Amino acid sequence: MNVLGICSGRINGNTEIMMKEAFRAIEETCGAECKLVRIQEAEIKKMYRLRDLHDQSSERQF
């Protein structure tokens, strides 16, 4: 089992500390693999729907 935690608070702030403690307990009791993602450090790219890409390409004049 995998567990993903997403944190948007301060780095090493209260929320992150609590999440890490919860991860420790989950790993010990369930043996799950836990991963923490910090929104501040995440590279988030804009996603397009396939239909939008098709519409954009048909509008281009070459």
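In the predicted model, a salt bridge joins the side chains of E16 and R38, with an N to O distance of 2.6 Å. Because E16 belongs to helix α1 and R38 to strand β2, this pair ties together parts of the chain that are 22 residues apart in sequence. E16 is buried, its relative accessible area being 1%, a value that falls under the 20% cut-off for burial.

E16 also takes part in a second salt bridge, in which its side chain meets that of K20 at 3.1 Å, N to O. Both E16 and K20 lie in helix α1, where a spacing of 4 residues corresponds to about one turn of the helix. An α-helix has 3.6 residues a turn, so residues three or four places apart point the same way. In contrast to the buried E16, K20 has a relative accessibility of 30% and counts as partly exposed.

A search of the whole structure returns 4 salt bridges. One of them pairs R24 with E21, the closest N and O atoms of the two residues lying 2.4 Å apart. R24 and E21 are 3 residues apart in helix α1 and are therefore separated by about one helical turn. Both of these residues count as partly exposed: the relative accessible area is 43% for R24, and the relative accessibility is 44% for E21. Side chains of opposite charge can pair when their charged atoms come close.

The geometry of helix α1, which covers residues 14-30, was compared with expectation. At 1.5 Å a residue, its 17 residues should span 24 Å, and the C-alpha atoms at its ends are 24 Å apart, in agreement with that figure. The buried residues of α1 are E16, M19 and F23. Viewed down the helix axis, these buried residues fall within an arc of 60°, so they line one face of α1. The cover over the buried residues of α1 includes strands β1 (2-7) and β2 (33-38). On the face of α1 turned away from the buried side are the exposed residues N14, M18, E28 and T29. Just after α1, G31 adopts a positive phi of about 70°.

Strand β1 contains V3. With neighbours within four places in sequence left aside, V3 is in contact with F23, I26, A32, E33, C34 and K35. Among these, F23 is one of the buried residues of α1. V3 and A32 are 29 residues apart in sequence, while their C-alpha atoms are 6.8 Å apart in space.

Turning to the surface, a nonpolar patch is formed by L4, I6, I39 and I44, which together have about 420 Å² of accessible area. I44 is exposed, with a relative accessible area of 66%, which lies over the 50% cut-off for exposure.

Conventions:
Residues are numbered from 1 along each chain as its sequence is written. This is a predicted model: local features need pLDDT of at least 70, side-chain atom pairs count only at pLDDT 80 or more; totals for chains, interfaces and linings use all residues. Side-chain values use heavy atoms; hydrogens and water are left out. Helices (H or I, at least four residues) and strands (E, at least two) are DSSP runs, numbered from the N terminus. The expected span of a helix is 1.5 Å times one less than its number of residues. Buried means under 20% relative accessible area, exposed over 50%, partly exposed in between (1.4 Å probe, protein chains only). The arc is that of the directions from the helix axis to the C-beta atoms. Contact means heavy atoms within 4.5 Å. Patches are made of residues with over 30% relative accessible area and no salt bridge: like charges are joined within 9 Å, nonpolar side chains (Val, Leu, Ile, Met, Phe, Trp, Tyr) within 5 Å. Accessible areas come from the Shrake-Rupley method with a 1.4 Å probe; for residues, only the protein chains shown count as cover.
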